[in-house]
Amino acid sequence: MKHDSANGAAVRQQFNIGICGMGTVGGGTFTLLQTKQAEITRRLGKTLKVTHVASRRQNPAFDTSSIRFSTDVFAVADDPAIDIVVEVMGGTEPALPLILRAIENGKHVVTANKALIAVHGNEIFAAAKRKGVTVAYESAVAGGIPIIKALREGLAANSIHWLAGIINGTGNFILTEMSLKGRSFPEVLQEAQALGYAEADPTFDVEGIDAAHKLTILAANAFGIALQFDKVYTEGISKLTIADVNYANELGYRIKHLGITRMTEKGIEMRVHPTLISTQRLIANVNGVMNAVVVKGDSVGSTLYYGAGAGAQATASSVVADLIDIVRSSGDGTAGNPGNVPSLAFNSLRNDIPILDIDDIECEYYLRIAAQDKIGVMAQISQVLMNHGINIEALIQKEPDHNATGEVVVPVVLLTGKVQERQMNKAISAIEALDQVVDKVTRIRVELFDGEGN
Ligand code: HSE
């Protein structure tokens, strides 16, 4: 640790970083800190130096020969020379005890671990507050997009009405390649893994769990509520078919996997699911590994944040920004003098706002109904929807086709007006009970962004 004793006061000139985990994000962070050291020093007026690295094995891709190396990550948390611990291992074990140990030892922490923050963040932030250290997590949500900073600081004057985002790069990469190039799901997933986009367990990406972790964090920062991952309604992309992607296109929509959180009069919506979005929207045209988040604030209106949502360099960009922020905002960078930005954007959190059950949300729907090719089927379907007070906004009946069991079916595709999910469930059950309807109804929610811009 170097000090400059000009004017008699000790001014820290170097801050020592310990990186735990040398996978995609750890390696990216290590490289970025090495290659950009001079520029970072110019921005900060102080130097960030990696002095300790821990991972299960040495990664020959990175020259750590002049740096302390440990196979035990707790050696970093216990290293008295380390000022800031970077946790980029993912998972809960040993990430949670490691972070708690680092906090206990008075060290600031930077983590990219969205699962850990979404599920254990309340405990972690409470521990950090007690010890007067910062736990920063910009890289946990939307990779390189500074969305946490935007919500916590840039939009601090706003009451947030809602936000909606493509917040899983792997899922968006798969959807894009499937819909634009007709590639198969397993093939594209394999490529996403090779590119370092996917989670260690890629079902987190394709079943929406990763997006639900990120949405939990966004909702907490948007509304000043505790992290409540267990209350997020989660649906993945694994059951989407090319047929639905194509029908949606015909109707003027793209299917994107969205995380949506909205403050309503009854409570807060938190949901992750495939969603039809008009092709006119910028967010409908966000492709590949890119992420985008639309935030509606009462003063600013609708704003859009776009950038790479996964990958070594993009994620490292956010990790290093957090490191710079910690040193800047905590004065001399040591514990007991943390920055003034609360972990979840608000100094006091509200615990009086319920999180709505998915049955309580209201939206428009896309329905695909496989019906027998018989006179009167359309009339019956329309009648059921009418009986449930559901308006049909658009309808296409496709030429007869064969379903999975070889039956000849007519796909009926329609868009409905706004209706409560509970009511839509009843209507779908009634449609499925019709003699001429042969398969389960496919239902995909539609997002109109309250008619707001972007
Ligand atoms: N697996 C994640 C994604 C990595 O694809 O978005 C970035 O959080």
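Student: On what basis are the values given, and into which domains is the protein divided?

Tutor: The model is predicted, so local features need pLDDT of at least 70 and side-chain atom pairs count only at pLDDT 80 or more, while totals for chains, interfaces and linings use all residues. Residues are numbered from 1 along each chain as its sequence is written, and side-chain values use heavy atoms, with hydrogens and water left out. Domain bounds come from an automatic or database domain assignment. Here there are domain 1 (2-144 + 312-330), domain 2 (147-308) and domain 3 (362-446). The C-alpha centres of domain 2 and domain 3 are 26 Å apart. In contact (heavy atoms within 4.5 Å) are 18 residues of domain 2 and 14 residues of domain 3.

Student: Which residues of the largest nonpolar core touch the most other members?

Tutor: A nonpolar core is a set of buried Ala, Val, Leu, Ile, Met, Phe, Trp, Tyr and Cys residues joined through side-chain atoms within 4.5 Å; buried means under 20% relative accessible area, exposed over 50%, and partly exposed in between, with a 1.4 Å probe and protein chains only. The largest such core has 58 residues, and I103, I147, I217 and V295 touch the most other members. Among the elements giving two or more residues to this core are α4 (95-104), α10 (209-223) and β13 (290-297); helices (H or I, at least four residues) and strands (E, at least two) are DSSP runs numbered from the N terminus. The greatest share, nine residues, comes from α10. The core lies between domain 1 and domain 2 because both give residues to it.

Student: What does I147 touch beyond four places in sequence?

Tutor: The partners of I147 are E138, V141, A142, L218, V293, V295 and Y305.

Student: Where is A142, and is it buried or exposed?

Tutor: A142 is in the loop between β8 and α6 and is buried, with a relative accessible area of 0%. Although A142 is not a glycine, its phi is positive, about 60°.

Student: Where does F449 lie, and what is its phi?

Tutor: F449 is in the segment after β20 (442-446). Its phi is positive, about 55°, although F449 is not a glycine. F449 is buried, with a relative accessible area of 1%.

Student: Which residues are joined by a cis peptide bond?

Tutor: E93 and P94 are joined in this way, with omega about 5°. P94 belongs to the loop between β6 (84-87) and α4.
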